[in-house]
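I am opening a notebook on a structure that is new to me. My plan is to go from overall matters to single residues and to write down what I look up along the way.

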Amino acid sequence: MPSQRSPLQWLCSLLFLIGAASALKFELAAHSGHENHNKERCIRNFVQTDTLVVVKSIVGGHKGDGMMINIAVRDTLGNEYGRARDVVGESKTIFTSHADAAFDVCYENLLSGSRHPTPSTRDIELDIDIGADAKDWSAIQADEKLKPVEADLRRIEELTGEIVHEMEYLRQREQKLRDTNESTNSRVKWFGVLTTWLLVGLWAWQIMYLRAYFRSKHLI
């Protein structure tokens, strides 16, 4: 008779399934590098400051097949976290983010020989782990002599803390945007009131001016 799984085991399995489903697979076509437009393919993700990020790439093909894959990891603020050339097989970039910003993992497939391979594409698999998912929990379990359940609980606790922190960050962003919206509405309202009174004053001045003009001409 099969044993029933505990809710904790189901939750851990779901978290592992979500982590496994986050991997992205795609094909990248090669180019000569002489084109004017950028041929990089970039995958963007957002990360908060001082957060551990592990970017793992698995590149198909082999060296000498006429293609060369270059990888660059950088954020939208200009910080560069890693750069690798002529990547084949598995490549890892591990970094701690410098700011609350989006970061890009960019791939470029350059033709490196005189002959054009057929097909001129490379298969790429990308997996990005952020925060608690980026930690090596097997090593933590071995170093701290934790039981598997204790390690799972630690991981779930950190994941929950990250979710709470992210919700708080989104709440602060929403409050900041709301304050900005209210401030803008208030300025637009007072600008409208000022404009209305200015038009009323201009209308009154025009009437007084025209009346004085007509009286000076003895028209009224």
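**Confidence**

What is the mean pLDDT of the protein chain, and what share of its residues reach 70 or more? I looked this up first, and the mean pLDDT (the predictor's confidence in each residue, from 0 to 100) is 84, with 87% of the residues reaching 70 or more. I note that this is a predicted model, in which local features need pLDDT of at least 70 and side-chain atom pairs count only at pLDDT 80 or more, while totals for chains, interfaces and linings use all residues. I also note that residues are numbered from 1 along each chain as its sequence is written, and that side-chain values use heavy atoms, with hydrogens and water left out.

Where pLDDT is low, the predicted coordinates should not be read in detail.

**The chain as a whole**

I counted elements next, and the protein chain has 3 helices and 8 strands, which are DSSP runs numbered from the N terminus (helices are H or I, at least four residues; strands are E, at least two). From the N terminus on, the elements follow the order α-β-β-β-β-β-β-β-β-α-α.

Of the 220 residues of the chain, 27% count as buried, where buried means under 20% relative accessible area, exposed means over 50%, and partly exposed lies in between (1.4 Å probe, protein chains only). The chain exposes about 15,500 Å², of which carbon and sulfur atoms supply 57%; accessible areas come from the Shrake-Rupley method with a 1.4 Å probe, and for residues only the protein chains shown count as cover. Among contacts between residues at least 6 apart in sequence, I read that 76% join residues at least 24 apart.

**The sheet around S7**

In which order do the 4 strands of the open sheet with S7 stand? The order is S2-S7-S4-S5, with antiparallel pairing, and two strands pair if DSSP finds at least two bridges between them. S2 and strand S5 (80–84) are the edges with a single partner strand each, so one side of each has no neighbour in the sheet. Neighbouring strands here are turned by 10° against each other on average, direction ignored.

Why is strand S7 (residues 101–111) largely enclosed by the rest of the structure? I find that 11 of its 11 residues are buried, so the rest of the structure largely encloses the strand. In a regular strand the side chains alternate between the two faces of the sheet. For S7 both faces are covered, with buried residues including Phe 103, Val 105 and Tyr 107 on one side and Asp 104, Cys 106 and Glu 108 on the other.

S2 (residues 41–47) is joined to S7 by 7 bridges, and strand S4 (residues 67–75) is joined to S7 by 9 bridges. S4 and S5 pair over 4 bridges, and there Val 73 stands opposite Gly 82.

**The sheet with S3 and S8**

Another open sheet of 4 strands has the order S1-S8-S3-S6, again with antiparallel pairing. Its edge strands are S1 (24–29) and S6 (89–96), each pairing on one side only, and its neighbouring strands are turned by 25° against each other on average, direction ignored. Strands S3 (residues 52–59) and S8 (residues 121–130) pair over 7 bridges.

Is Ile 58 buried or partly exposed? Ile 58, which is found in strand S3, counts as partly exposed at 33% relative accessibility. Ile 58 stands opposite Glu 125 in S8, and its contacts, leaving aside neighbours within four places in sequence, include Gly 89, Glu 90 and Asp 123.

My last entry is on Arg 122, which lies in strand S8 and is buried, with a relative accessible area of 2%. The side chains of Arg 122 and Asp 65 are joined by a polar contact of 2.9 Å, that is, a pair of N or O atoms within 3.5 Å, where within protein one must be able to donate a hydrogen and the other to accept it, and residues adjacent in sequence count only if both atoms are side-chain atoms. A polar atom of the Arg 122 side chain also lies 3.3 Å from the backbone oxygen of His 62.

Definitions and conventions
Axes fitted to C-alpha atoms, helices over the stretch in contact; angles between N-to-C directions. Contact = heavy atoms within 4.5 Å.
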